[in-house]
Amino acid sequence: MDVKKRIDELEEELEKELEKVKTQAELLNVKSRYLGKKAEISSFMKHMRDLPKEKRPAFGQAVNEGKERFASLIEKRQAFLKRRSIEKKLAKERVDVTLDAPDFRVGSRHIINQIVEEVEDLFIGMGYTIEEGPEIETDEMNFEKLNLPKDHPARDMQDSLYITEETLLRTHTSPVQVRTMLEYGGKKPVKMICPGKAYRRDDDDATHSHQFYQIEGLVVDESTTMADLKGTLLVLAKAMFGPERKIRLRPSYFPFTEPSAEVDVSCANCAGEGCNICKNTGYIEILGAGMVNDYVLAASGYDPEKYQGFAFGVGIERIAMLRYGIEDIRNFYTNDLRFLRQFKA
Ligand code: FA5
């Protein structure tokens, strides 16, 4: 047998077959048929021992060279297949950078948080600190130290959600007054606000929610007066509702302040003339306030002979409702995006 000739023939056949190969699996198949153990070229070596000794090296060399040529043809095809598959993938995944981006919406801070931040900025500018307190509060802090002992009838003013006999969800942010004074140790002046959630066993309706936000304010110093309170609240009202707004203090009752006041702001809708929103009174109530009761100062470690203070507690939802003419407080908590998107910051 002319081995060289046969190898040339096989090489030609292999070339033709490789041209038809389209996948890696087909390629492996061809490779095994032309170079595997059962391939014709592999069987040539068995004939070597039948040859005279002097012909054996040339024969062996021819077979090995043949195998190398086959392997190189297969490798070439493999590289070609790989290149073609990458090109196909790139063509398929081509990105058209000139296309419009899909429409996606960016979220924003909740309107209640926006107002809290606005009030915080205002008071930080006047030298106040921002304090925090726990939402699960002790009866002692929420009531007793605020001059509301267990049998006090004024406890009915704030229907409470108790967790145990002695702990409850705080009904207002006023316990943070006590906590801050105790932390300050009865010595240095206090000037703080505390924004946070409060909880009451109120039935939810258009103006009441079982969970709502308040901002507490407290100033304690050696010469704090009701005039300071009024001036501070006027600044707050003007910042929230516009420079035209006036405020009015009406006598009221809170066990933790004496004297106590409810504070009304002149109606933004009718400028005090009288309309539906202010129920023809020209004013709308926004908060409770007063001079800190001596009992509270003493229970919080401050000498009432030396220190006086004022405090106020304002409902944030009420501010937002007045400012934007929102008629139902439940809108803040039902997460209807059509409502929330109106207040995109
Ligand atoms: C208090 O909570 C007092 N701690 C306020 C205070 C602080 C007085 C410091 C004196 C000194 P009142 O219960 O009135 O007071 O609540 C204050 C404000 O919280 C109300 O004017 C109202 O804006 C808001 N508020 C009260 N209950 C609810 C409720 N269920 N839903 C929404 N807002 C409420």
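A salt bridge here is a side-chain nitrogen of Lys or Arg within 4 Å of a carboxyl oxygen of Asp or Glu. Welcome to this predicted model, in which local features need pLDDT of at least 70, side-chain atom pairs count only at pLDDT 80 or more, and totals for chains, interfaces and linings use all residues. Residues are numbered from 1 along each chain as its sequence is written, and side-chain values use heavy atoms, with hydrogens and water left out.

**View 1. R155 and D139 form a salt bridge.**
Their closest N and O atoms are 2.9 Å apart. R155 lies in the loop between α6 and β3 (161-162) and D139 in helix α6, so the pair ties together parts that are 16 residues apart in sequence. Helices (H or I, at least four residues) and strands (E, at least two) are DSSP runs, numbered from the N terminus. R155 is buried at 11% relative accessible area, and D139 is buried at 0%; buried means under 20%, exposed over 50%, and partly exposed in between (1.4 Å probe, protein chains only). A network of salt bridges links D139, E144, K150, R155 and E166.

R179 is partly exposed at 28% relative accessibility, whereas E137 is buried at 1%. Helix α7 itself (residues 175-184) is mostly covered, with seven of its ten residues buried. Among them are P175, V176 and Y184.

**View 2. N142 sits in helix α6 (residues 139-142).**
N142 is buried, at 0% relative accessibility. Leaving aside residues up to four places away in sequence, N142 touches E137, L168, R170, T171, H172 and P175, where contact means heavy atoms within 4.5 Å.

**View 3. The ligand is surrounded by 26 residues.**
The closest are H172, S174, R200, D202 and S209. A polar side-chain atom of H172 lies 2.9 Å from a nitrogen atom of the ligand, and a backbone N or O atom of S209 lies 3.0 Å from a ligand nitrogen atom. Taken alone, the ligand exposes 670 Å², and the protein buries 94% of that (areas by the Shrake-Rupley method with a 1.4 Å probe). Strand β9 (283-292) gives the largest share of the shell, five residues.

Notes. Near = heavy atom within 4 Å. Polar contact = N/O pair within 3.5 Å; in protein donor to acceptor, adjacent residues only side chain to side chain.
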